[in-house]
Structure formats: structure tokens, C-alpha cells
Amino acid sequence: MREGLSATEELVAGRGETEEGAGPVLDLDEYAPFLLNAVSLAWTRQIASVFKAQHGIGVVEWRVIAVLSAQPRIAATQICALLRMDKSAISRSLHSLSEQGYLDHESTSGDQRRREWWLSESGQALFDKLLVVALETEARMLRGVSEDERQAFLSVMRRFLSNLED
């Protein structure tokens, strides 16, 4: 590190300057949040078109289905927390998926606002089909990446998430 600079200042200083007096330049190829978002959007575009065309399902619905496959009989608030999404988007997805027959639910303690959700039989069948697409897309994304690199990537992503949730 350069003497007297914080880690953030060092990072910005190392990325160069624009014309005199214009301030620091952000090199997007070296800026982790930009690359993380770009990869996420590229992956989402890949699966979204197939999900929508073949099954009439959007990415938010896919995420809800994936969570319910892993953790059945949970409340909408738990789904929101796991997906780190706002309640209105999750609520719309739950309603839509339920209307299409992919989800079942049960009210807990007689309160219609407090429901536990799970995949219906047709929802589980849909998940099985969507999972094939998701895993094929992930395999394309990971082409040329060794298992050690994949594990290092996952470790770093978990650390990023932990750092941002502290």
C-alpha cells in the first residue's frame, strides 16, 4: 500500500486518472461489483428466455420455486429473507405460481396472511425441468473453470455476502 493511503484510496489511486483535474477513473474490468452484476445479468438473460418461452415462468418465479424445492413449508417472509428480495415481488410470484397450480399453501394459526408454501406435484415437476436449464447454463458459465477455481469463487462469493450483511 502507498504510504498514507487507506485501502480504498489505494484501490482508486491504482486505477488511474482521467485528464488533469477530472478525478479518478473506474476501470470496470477491475471493479468487482460491476463484473458480478454483469455475470448475473448475462446468466439471467440466458435462462429467462428459455424459462419464459418453454414454461411461462420468469426469473423471480424460478427463484421462489428453487427456494421452495430446498425448503418446503416456509412463509413468504422467509422466502424474502433467503432471496434478499422485497415482499411485493415475492407475493406476486407466489400468487401467480399458486394460480398456475405450481404451489400449495396452508394458513398457519388461522391467519390468511401467514401461510406456509410448498411445491405442488406439478410444481415439483416444473422445478425438475427448470433445474435442467439452470444447470446447463451454469455449466456453460463454468466452462474452462477448474474445480479448485470454482470452489475458490464460491468461497469468495460467500465472503462477499457475509461482508455486506454484517
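In this predicted model, Arg150 forms a salt bridge with Glu147, and their closest N and O atoms are 3.1 Å apart. Both residues belong to helix 7, where they are three residues apart, about one turn of the helix. Arg150 is partly exposed at 25% relative accessibility, and Glu147 is partly exposed with a relative accessible area of 44%. Elsewhere, salt bridges with shared partners join Arg73, Glu106 and Glu116 into one network.

The count of salt bridges comes to four. Three of the pairs are set out below.

| Glu147 | Arg150 | 3.1 Å |

Glu165 is partly exposed at 46% relative accessibility, and Arg84 is partly exposed at 49%. Arg84 follows helix 4 and has a positive phi, near 55°.

Within helix 4 (residues 76-83), the buried residues are Ala76, Ile79 and Cys80. These residues lie on the same side of helix 4 because they cover an arc of only 100° around the axis.

Ile57 is placed in the loop between helix 2 (32-55) and helix 3 (59-70). This residue is buried, since its relative accessible area is 0%, and buried means under 20%. Beyond its neighbours within four places in sequence, Ile57 is in contact with Phe51, Lys52, Trp62, Leu97, Gln100, Tyr102, Leu126 and Leu130. Leu126 is 69 residues from Ile57 along the chain, and their C-alpha atoms are separated by 9.7 Å.

The largest pocket holds about 1800 Å³ of space. Its lining comprises 33 residues, of which Leu36, Ser40, Trp43, Phe153 and Met157 lie nearest the centre. At least two lining residues come from each of helix 2, helix 3, helix 4, helix 6 (121-141) and helix 7 (147-165). By class, the lining of the largest pocket divides into 24 nonpolar, three polar and six charged residues.

Key:
Residues numbered from 1 in each chain as written. Predicted model: local features only at pLDDT ≥ 70, side-chain atom pairs only at ≥ 80, totals over all residues. Heavy atoms only, no water. Buried < 20%, exposed > 50% of the residue type's maximum accessible area, 1.4 Å probe, protein only. Helix = DSSP H or I, 4+ residues; strand = E, 2+ residues; numbered from the N terminus. Arc of directions from axis to C-beta. Contact = heavy atoms within 4.5 Å. 1 Å grid on protein atoms, 1.4 Å probe; cavity = no way out; pocket = protein on both sides within 12 Å on 5 of 7 lines; lining within 4 Å. Points joined across faces, edges and corners; volume = space filled by probe spheres on them. Nonpolar A, V, L, I, M, F, W, Y, C, P; charged D, E, K, R; others polar. Salt bridge = Lys/Arg side-chain N within 4 Å of Asp/Glu carboxyl O.
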